[in-house]
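Here is a short note to read beside the model. Please keep the sequence open and follow the points in order.

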Amino acid sequence: MLLTVDVGNTLIAFGVFEQSRLVASFKTATDIKKSLDEYVSTIETFIQFRKIDKSAFRGAIISSVVPFLTEVMREALRLSFKLESIVLTPGLKTGLPILIDHPNELGSDLVADAVGAIAKYGSPLIIVDLGTAIKLLAIDHKGAFVGATFYPGLYVAVDALIGRAAQLSRVSLSRPKKVIGKNTKDSTNAGAIYGTASMIDGLVKKFEEELGYPTKHILTGGDAIYVKDLLADFIYDEILLLDGLRVIYERNEARKNEK
């Protein structure tokens with residue numbers, strides 16, 4: 001079995017793969033104040049609850065956009081599984097051509113998204129990942145990462161609005177039945193959810209205009225659940241990033257065996 005770990009700004013996702021099949025997963029809140037022991041305890045609780053045999057793991061791979069937690073997570077996996085993890089960094093071979101101004105600046109989460117999407121769906125692609133930020137990624141017809149657009153995530157945008165407007169109160173995100181809200185809660189949610197879906201549709205059209213051809217559209221990320229039913233021309237893939245990590249791990253293991 002293979003353990004894949006995505007350390008995001010809001011959540012840390014763990015995926016357990018048997019060959020190419022995800023057999024177990026869980027998420028925990030990202031918290032730089034948590035100790036190493038607390039992360040080990042969280043992992044151990046999950047493994048015990050799902051009755052997973054720790055001795056069956058052959059490796060682990062980590063993607064992290066929270067540098068402070070990268071080594072914490074590596075050490076947690078050493079203690080829990082006696083595994084030396086691969087960390088997805090710019091020096092790791094991924095098989096993904098990155099045709100942007102500064103390739104080393106590209107986040108490991110976006111690399112994993114792209115690798116996973118190309119492996120599963122081919123190219124060209126536009127990938128939309130909704131998390132702390134909304135990321136739209138362009139993959140050209142040759143399977144190269146050629147650029148991206150970033151926008152504040154749903155919760156980030158709503159929190160910023162509420163923080164700047166004295167008469168607005170915090171709301172939990174839920175999709176109202178109509179775009180035209182009749183109360184403050186529905187109006188705020190309609191703007192966030194319907195507005196985000198419309199923005200995505202509009203940007204996808206702009207992406208395809210610049211690329212010069214139509215693409216497949218892939219939707220992923222923890223907040224994708226809020227808009228996935230509003231985006232008809234999208235494939236929703238909840239585990240895309242974890243799948244990408246699996247593919248990258250397997251490619252690096254294959255290269256090792258060739259030497």
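How many helices and strands are there in the protein chain?

1. **Overall build.** The protein chain has 6 helices and 10 strands. Both are DSSP runs numbered from the N terminus: helices are H or I over at least four residues, strands are E over at least two. The radius of gyration is 19 Å, close to the 18 Å that the globule rule gives for 259 residues, so the chain is as compact as a globular protein of that length. That radius is taken over C-alpha atoms, and the rule is 2.2 Å times the number of residues to the power 0.38. Along its principal axes, the C-alpha trace spans about 60 × 45 × 30 Å.

2. **What you are looking at.** This is a predicted model, in which local features need pLDDT of at least 70 and side-chain atom pairs count only at pLDDT 80 or more, while totals for chains, interfaces and linings use all residues. Residues are numbered from 1 along each chain as its sequence is written, and side-chain values use heavy atoms, with hydrogens and water left out.

3. Of the 259 residues, 48% count as buried. Buried means under 20% relative accessible area, exposed means over 50%, and partly exposed lies in between (1.4 Å probe, protein chains only). The chain exposes about 13400 Å², and carbon and sulfur atoms supply 52% of that area. Areas come from the Shrake-Rupley method with a 1.4 Å probe. Now take contacts, meaning heavy atoms within 4.5 Å. Among those between residues at least 6 apart in sequence, 57% join residues at least 24 apart.

4. **The largest pocket.** Its volume is about 900 Å³. Of its 42 lining residues, D6, D109, D129, G131 and K135 are the closest to its centre. A pocket is an open set of points on a 1 Å grid over the protein atoms alone, where a 1.4 Å probe fits, with protein on both sides within 12 Å along at least five of seven lines; lining residues have an atom within 4 Å of a point. The volume is the space filled by probe spheres set on the points, which are joined across faces, edges and corners. Strand β8 (residues 145–152) gives the most to this lining, with 4 residues. By class, the lining has 20 nonpolar, 13 polar and 9 charged residues. Nonpolar covers Ala, Val, Leu, Ile, Met, Phe, Trp, Tyr, Cys and Pro; charged covers Asp, Glu, Lys and Arg; the others, Gly among them, are polar.

5. **The second largest pocket.** Here the volume is about 310 Å³. The lining has 18 residues, with L88, T89, P90, L106 and V111 nearest the centre. By class, 9 are nonpolar, 7 polar and 2 charged.

6. **I118.** Find this residue in helix α3 (residues 108–121). I118 counts as partly exposed, at 23% relative accessibility. Leaving out residues up to four places away in sequence, I118 touches L96, L125, I139 and G143.

7. **Backbone points to check.** Most residues other than glycine have a negative phi, and most peptide bonds are trans. The bond from S123 to P124 is cis, with omega near 5°. P124 sits in the loop between α3 and β6 (125–130). K51 has a positive phi, near 55°. K51 is in the loop between α1 (36–49) and β4 (59–64), and is exposed at 75% relative accessible area. K82 also has a positive phi, about 60°. K82 lies in the loop between α2 (67–81) and β5 (86–87), and is exposed at 70%.
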